[in-house]
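Please have the sequence and the 3D view at hand.

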Amino acid sequence: MTVDHQVEAPEKGGQESTKSLAVCAAVRVLIVDDDPSLRKILSVMLTQSAFVCRSAASGEEALCLLEKHPFEVVISDLRMPGISGMDLLVEVRQSYPQLAFLMVTGEDETRVGVRAMQLGADDYLLKPFDADVVLGSLHRALHKKKLEREVMEYRLRLEEMVSERTEQLQSALRQTERSYEDTLEALGAAIDLRDSPTAGHSRRVFLYSMELAKSIGGLEQQLRTMAMGAWLHDIGKLAIPDRILLKPGPLLDHEWQVMRRHARIGYELVKSISFLAGAAEIVLTHHERFDGSGYPQGLGGEEIPFGARIFAVADTLDAMTSDRPYRAALPLQSARDVIERGSGTLFDPLVAAAFLRVSNQAWEVIARETVAVQPSSVLAAGTIRILGAIPDPLPHSSE
């Protein structure tokens, strides 16, 4: 027969009783045993120490009570019909890991009691019961669970702190990157303003280089460096005298010598900035040519950084199709012919082929959209989002 009863703590005077109540008040214990007398003994023993007890005659009944009522402790007999104490332990550990669990065994079952502790029981009690032993075991189990809760709460707080600090760090990084992109955009604008005859050049070659990278494919990890290098390639021109930089006619030999210094000057300006270190190489080598005829180092072939080889094609495209003081813009087909003829000499054949795969109409779309596209959308981004921002209504094809 099922026995289900709750025994409240009797009133008891004295300092010892008050202390016990302060420590154990509201601690609810579920006693599970098919023997009514043992349930009664444990209930009386624990209620005298201010525990609130409820009992169940089987593992099945215990699980029902656990679903409906809160408990801090389960004390269960090992041997019961139906769901055994060991089965109940496994279920409690899975569904109610926060509860303390004490296993009750006979004196000849101590090895089983040890096994129960290995499976998650906090302690085991031997029959017949000794009040001091039972209370001592119960207090230790409760203290253990308290420590476990504190550790869990600390871990949760730590995770929250780490998450909060991570978000703060990411926010700081985003602000830093935003400062970078604002600075870079301002520098690019300053370059174009200084070299007014080629206004918009930095923005166009930046976009052309990104389209070439997309045509080549597999360059996702290099896009950001190439974008920054293309955007800042002419930063060294800020140090070139106006009489040379803005001269409307052809430059004399000695003037060309000064103009060509801009690649080295730009490199020296940005090389010590950590996040521009890769871009600095493109700034230095953007006038090198595949056959070694470029400057300032006369590099050739694989010696030239790949980003600079891409830029060389983009730069030629823009130089030929833009108005200059000494001539009007040439048709895009003229640039295509020059780049095709220069494949393997002035230009990397791989990059030239990628350029030729893009239709004239696609290049014209990019040129028209140049003013509307802000480089800040990509310069501080982990991926180059600009590649999907430019309309490409026509498929890439050779012409």
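At roughly what angle do the axes of helix 7 and helix 8 cross? The model is predicted, so to speak of local features a pLDDT of at least 70 is needed, side-chain atom pairs count only at pLDDT 80 or more, and totals for chains, interfaces and linings use all residues. Residues are numbered from 1 along each chain as its sequence is written, and side-chain values use heavy atoms, with hydrogens and water left out.

The axes of helix 7 and helix 8 cross at roughly 155°. Helices here are DSSP runs (H or I, at least four residues), numbered from the N terminus. Axes are lines fitted to C-alpha atoms over the stretch in contact, with angles from 0 to 180 degrees between N-to-C directions.

| Pair | Residues | Axes come within | Crossing angle |
|---|---|---|---|
| Helix 7 and helix 8 | 201-216 and 223-231 | 8 Å | roughly 155° |
| Helix 14 and helix 15 | 332-341 and 349-357 | 9 Å | roughly 150° |

Helix 7 and helix 8 are therefore roughly antiparallel, a label for angles over 145 degrees. Their crossing is right-handed, meaning that the near helix is turned clockwise from the far one by less than a right angle.

Arg 336, Ile 339 and Glu 340 of helix 14 meet Ala 352, Phe 355 and Leu 356 of helix 15.

Definitions and conventions
Helix = DSSP H or I, 4+ residues; strand = E, 2+ residues; numbered from the N terminus. Parallel < 35°, antiparallel > 145°, perpendicular 65-115°, else oblique. Contact = heavy atoms within 4.5 Å.
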